[in-house]
Protein chains: 2
Amino acid sequence: MATQNLTHEMRALAQRARAAAQGMSRAGTAAKNQALLRAAELLEQERAALLAANAQDLEAAQAAGTTGAKLERLRLTDRVLADLAAGLRQLAAQPDPVGEISEMRRLENGLLVGRMRVPLGVIGMIYESRPNVTIEAGALTLKAGNAVILRGGSEAFRSNTALAGLLRQALREAGLPEDAVQLVPTPDRAAVLELLKLDEWIDLMIPRGGEGLIRFVTEHARMPVLKHYKGVCHVYVDRDADLEMARRIVLNAKTQRPGVCNALETLLVDQAVAADFLPQVARDLEAAGVELRGCPETRAVLPEARPATEADWAAEYLDLILAVRVVRDMEAALEHIARYGSNHTEAIVTQNHARAMRFLREVDASLVLVNASTRFNDGFQLGLGAEIGISTSKLHAYGPMGVRELTTTKFVALGDGQVRG
Amino acid sequence: MATQNLTHEMRALAQRARAAAQGMSRAGTAAKNQALLRAAELLEQERAALLAANAQDLEAAQAAGTTGAKLERLRLTDRVLADLAAGLRQLAAQPDPVGEISEMRRLENGLLVGRMRVPLGVIGMIYESRPNVTIEAGALTLKAGNAVILRGGSEAFRSNTALAGLLRQALREAGLPEDAVQLVPTPDRAAVLELLKLDEWIDLMIPRGGEGLIRFVTEHARMPVLKHYKGVCHVYVDRDADLEMARRIVLNAKTQRPGVCNALETLLVDQAVAADFLPQVARDLEAAGVELRGCPETRAVLPEARPATEADWAAEYLDLILAVRVVRDMEAALEHIARYGSNHTEAIVTQNHARAMRFLREVDASLVLVNASTRFNDGFQLGLGAEIGISTSKLHAYGPMGVRELTTTKFVALGDGQVRG
């Protein structure tokens with residue numbers, strides 16, 4: 001009976017989202033931007049209430065034994081709210097992709113054919129912990145003219161409810177359907193399973209969080225899913241690398257923010273420069289507190305490194321640990337990446353043009369870099385504006401997903417009576 | 001035990017496809033085009049053998065009681081083979097989308113960021129009856145640098161085996177991996193179910209055929225599926241239509257090839273012009289042998305029309321039958337289309353600019369036309385070159401899918417030592 005109620009409740013919620021999506025798809029840019037700017041204002045005006053709701057979540061989490069980084073991810077602060085408001089204002093200032101017509105051309109029969117950018121429809125967002133995502137995902141889907149169903153972690157339920165309520169108020173005040181942003185009104189986990197069945201009303205599911213959550217969503221969703229499981233990112237230091245540049249890139253990629261998906265996990269070094277390069281970079285890394293795990297050739301140069309096992313080559317540490325492997329040449333680096341990489345972010349450091357171009361062409365990853373840090377795989381850093389996540393699925397979006405990736409194009413044709421002969 | 005063997009066989013086949021896809025992704029345009037041109041030659045040289053294999057399929061089908069249109073779809077003729085060869089030569093002459101870099105721009109930190117077009121990987125194609133699809137789908141996936149696993153109807157098994165063998169020979173002679181085209185080597189239906197589980201090696205599944213086949217694939221596939229279930233296409237004749245133009249468009253959309261997905265199924269007529277327009281168009285349609293099924297307002301003007309039931313508004317007849325409904329105004333037409341349409345192809349006939357633009361913007365379909373026949377929803381007609389199918393899924397591709405829709409883009413970034421601050 002409880003399950004029947006939940007089934008019924010989730011279907012009603014998805015149908016409301018579908019109706020709101022129709023309204024949103026016809027909304028003008030001005031109204032959508034007005035809602036974003038009003039939401040930014042409300043984040044400032046309602047700061048006390050938002051922090052109070054968050055304090056309740058924090059207390060409950062602490063009472064349940066949550067500590068450290070996990071507790072910190074849950075925390076809203078004046079700074080976090082100010083950053084979210086600034087993000088909303090930036091998003092309002094970005095161009096609206098909806099309605100843009102591209103590739104318009106006249107066919108021989110006089111028919112004008114092009115592609116018009118339109119919203120995707122209803123997007124489901126399933127995420128863990130950080131309540132920021134409620135605002136970021138709600139705002140991006142709103143700007144792209146979609147409706148969103150948000151399902152955050154149960155530990156952030158009060159914070160998410162307050163933040164989603166604020167977006168709904170902003171939509172309402174801008175004359176837009178408030179059901180374009182809905183939060184699943186129960187922390188019950190069974191609700192997620194119900195949502196994943198509703199492919200009739202939900203066009204796309206985006207899970208963000210740990211690999212377990214993402215595999216669960218992928219396995220059970222009947223609608224398309226855009227996601228990445230993990231980021232096992234490599235930097236390959238070529239024999240023709242500028243070794244000073246390579247040191248800076250490796251140090252940045254590993255230590256600037258080790259807990260995120262675009263951080264470096266395995267360093268590959270051409271054997272021709274291993275003896276020169278490894279002691280230099282090891283000094284930097286060890287000074288930054290990074291533990292090294294190396295192949296035998298690495299350990300011949302750096303005896304202090306722990307021996308790496310097969311599991312290290314596939315590991316996403318998300319921590320101050322780095323696997324290091326000396327490779328015969330770029331061919332061997334490409335093979336290593338093809339075998340152990342996660343199609344997320346891969347970088348080469350080299351001054352050799354031919355090898356740079358070959359690496360760029362042949363490596364299958366959502367972002368391939370030459371002479372830059374893996375940490376740039378991020379919608380904002382790549383100039384897309386805010387992002388709703390990074391996709392390593394190849395269909396529809398491969399890489400960071402911004403507003404444009406939350407739309408699609410339909411064909412449009414303008415004729416003056418053309419028929420087919 | 002038989003199922004275990006099949007599981008094993010399908011996994012081995014998919015793994016061979018994955019390995020071939022890696023080779024294909026690195027293949028140059030010249031080698032791919034050489035394979036296409038060689039396949040065109042072989043279609044001509046091997047005509048006798050191909051027709052003999054097809055004759056065996058035709059005999060078996062006749063012995064099993066197949067007749068009429070279904071039998072004809074199975075038939076290869078000199079004309080069909082010549083058309084296929086011409087198609088291959090056209091495809092060879094088309095630009096190669098792989099490697100194209102677009103949207104390259106320099107960010108503030110000097111990083112050059114763009115998107116590089118790359119193949120999708122391994123594509124599964126599950127289709128019925130027409131053996132032409134073996135060549136068309138094989139050639140398109142080849143041109144886009146992918147590997148394909150083909151599973152045609154069991155009634156065309158000998159024809160498909162001969163045609164796929166020819167593509168494999170052409171690949172081999174061009175120095176490309178022949179496993180880039182593989183035909184499932186058994187007509188056993190259980191093989192399809194096995195393939196649909198292999199999301200680790202197959203990136204995309206494209207089913208083409210009846211609604212039953214497509215629902216089966218969508219329900220069981222663990223990888224993304226691009227498809228359309230059906231085409232319930234409308235023409236809306238507005239009060240400001242050029243009625244002569246509307247007659248030509250309706251007649252063409254309904255009768256030029258009634259058995260295909262972009263044929264007209266329901267005619268919507270603004271009440272202001274119904275009394276003028278319906279008798280004119282009915283004369284044309286009745287002369288072409290079309291049976292009319294109308295709403296009460298239609299039958300007030302055309303008493304010879306059969307009464308339409310609710311089922312008629314949702315019907316994809318694929319036959320010389322047309323449902324006709326008189327609507328209050330464009331608003332009512334938009335509502336009808338939103339309710340009964342299949343997101344496939346929708347057309348308005350009007351001289352009114354504002355209503356044309358509103359219809360274009362608000363109708364949610366893979367192709368929306370103003371003053372032209374629905375029959376144009378076809379990759380070749382819209383100038384994409386050959387197509388592998390039409391998608392009404394909104395993710396990745398919405399509308400006809402040509403070579404470009406069988407690719408994706410990855411991000412590429414060229415730096416000179418950029419790190420993240």
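This is a predicted model: local features need pLDDT of at least 70, side-chain atom pairs count only at pLDDT 80 or more; totals for chains, interfaces and linings use all residues.
The UniProt record, an unreviewed entry, lists residues 9-288 of chain A under "domain: Aldehyde dehydrogenase".

In chain A, helix H5 spans residues 78-93 and helix H6 spans residues 132-143. Their axes come within 11 Å and cross at roughly 10 degrees. Angles under 35 degrees count as roughly parallel, and H5(A) and H6(A) are therefore roughly parallel to each other. On the H5(A) side, the contact is made by Val80(A), Leu84(A), Leu88(A), Leu91(A) and Ala92(A). H6(A) contributes Asn132(A), Ile135(A), Glu136(A), Ala139(A), Leu140(A) and Lys143(A). By class, the residues of this contact between H5(A) and H6(A) comprise 8 nonpolar, 1 polar and 2 charged.

Two copies of a chain are related by a rotation about an axis and a shift along that axis. For chain B laid on chain A, the turn is 180 degrees and the shift along the axis is 0.0 Å, with an RMSD of 0.0 Å. The two copies are thus related as by a two-fold rotation axis. Among the residues of chain B, His396(B) comes closest to the rotation axis, with its C-alpha at 1.8 Å. Of the interface residues of chain B, 100% are also interface residues in chain A, so the copies meet through the same surface.

Conventions:
Residues are numbered from 1 along each chain as its sequence is written. Chains are lettered from A and ligands numbered from 1 in the order in which they are written. Side-chain values use heavy atoms; hydrogens and water are left out. Axes are lines fitted to C-alpha atoms, for helices over the stretch in contact, and angles run from 0 to 180 degrees between N-to-C directions. Helices (H or I, at least four residues) and strands (E, at least two) are DSSP runs, numbered from the N terminus. Angles under 35 degrees count as roughly parallel, over 145 as roughly antiparallel, 65 to 115 as roughly perpendicular and the rest as oblique. Contact means heavy atoms within 4.5 Å. Ala, Val, Leu, Ile, Met, Phe, Trp, Tyr, Cys and Pro count as nonpolar, Asp, Glu, Lys and Arg as charged, and the others, Gly among them, as polar. Copies are superposed by least squares on the C-alpha atoms of residues with pLDDT of at least 70 in both. UniProt positions are given in the numbering used here, feature names are shortened, and annotations may be inferred rather than shown by experiment.
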